[in-house]
Amino acid sequence: MCNRKQRVKINCFYLDWADVLSGIPQGTILGPISFSICINDLPVCKQFINVYLFADYAKLYRPKHVITDDDHRVLQNGLNTFQEWSDKWLLRLNINKCEIAFYGRDVNYEYKYYFSSTSPESVDVIKDLGVVFDSEVSFVSHCKEKINRAYSMLGFIKRIFYIFNRGGSRTGPDESN
């Protein structure tokens, strides 16, 4: 798979062709197989942290409370191990897309965690697989988000019905036949 080229189309205009120096073409069977082979040794991190793997991201977590300095060090060691693993396999982490979330009542927020020398942003609310979690695990934020989305959809439906009445003609909300 050498001598591959790519270019970008913006509206009706094309940029110049550029060489593709790495990667696997989309839609091939090699993509998922290569990914599985690459992450095969990722469980080396499991001595410190748990890892959930998804198609294009990973979730690192520690199921026990991080209360003491030792707990903090164990979690940071896990992050360091993950960073070393990603460096070894030349899989750069996009720290700008990383977030740190704390859940529970007895959480010590004074600790900072790092990948290399960069500390990802700490957030109180995070959306994960369609569910909005807050640091207290109360689901109030999730319910508010679903209610706002329902009102938005209701407003959309109302506008459609105002535009098209039963006869197919266009009328507004305050117009009558």
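Q83 is part of helix α2, which covers residues 69–88; helices (H or I, at least four residues) and strands (E, at least two) are DSSP runs, numbered from the N terminus. The model is predicted, with local features needing pLDDT of at least 70 and side-chain atom pairs counting only at pLDDT 80 or more, while totals for chains, interfaces and linings use all residues. Residues are numbered from 1 along each chain as its sequence is written, and side-chain values use heavy atoms, with hydrogens and water left out.

**Exercise 1.** Determine whether Q83 is buried or exposed, and which residues Q83 touches.

*Solution.* Step one: take the cut-offs, where buried means under 20% relative accessible area, exposed over 50%, and partly exposed in between (1.4 Å probe, protein chains only). Step two: Q83 has a relative accessible area of 11%, so Q83 is buried. Step three: leaving aside residues up to four places away in sequence, Q83 touches L93, F115 and S116; contact means heavy atoms within 4.5 Å.

**Exercise 2.** Compare the span of α2 with the expected one, and state what its buried residues pack against.

*Solution.* Step one: the expected span of a helix is 1.5 Å times one less than its number of residues. Step two: α2 has 20 residues and reaches 28 Å from first C-alpha to last, close to the 28 Å expected. Step three: the buried residues of α2 include L75, L79, F82 and W85. Step four: the buried residues of α2 pack against α1 (30–38) and β6 (58–61).

**Exercise 3.** Classify the aromatic pair of F82 and F115, and say which parts the pair ties together.

*Solution.* Step one: rings of Phe, Tyr and Trp (its six-membered ring) pair if their centres lie within 6.5 Å; planes under 30 degrees apart count as stacked, over 60 as edge-to-face and the rest as tilted. Step two: F82 and F115 are 6.4 Å centre to centre with 65° between the planes, an edge-to-face pair. Step three: F82 lies in helix α2 and F115 in the loop between β7 (99–101) and β8 (121–123), so the pair ties together parts 33 residues apart in sequence.
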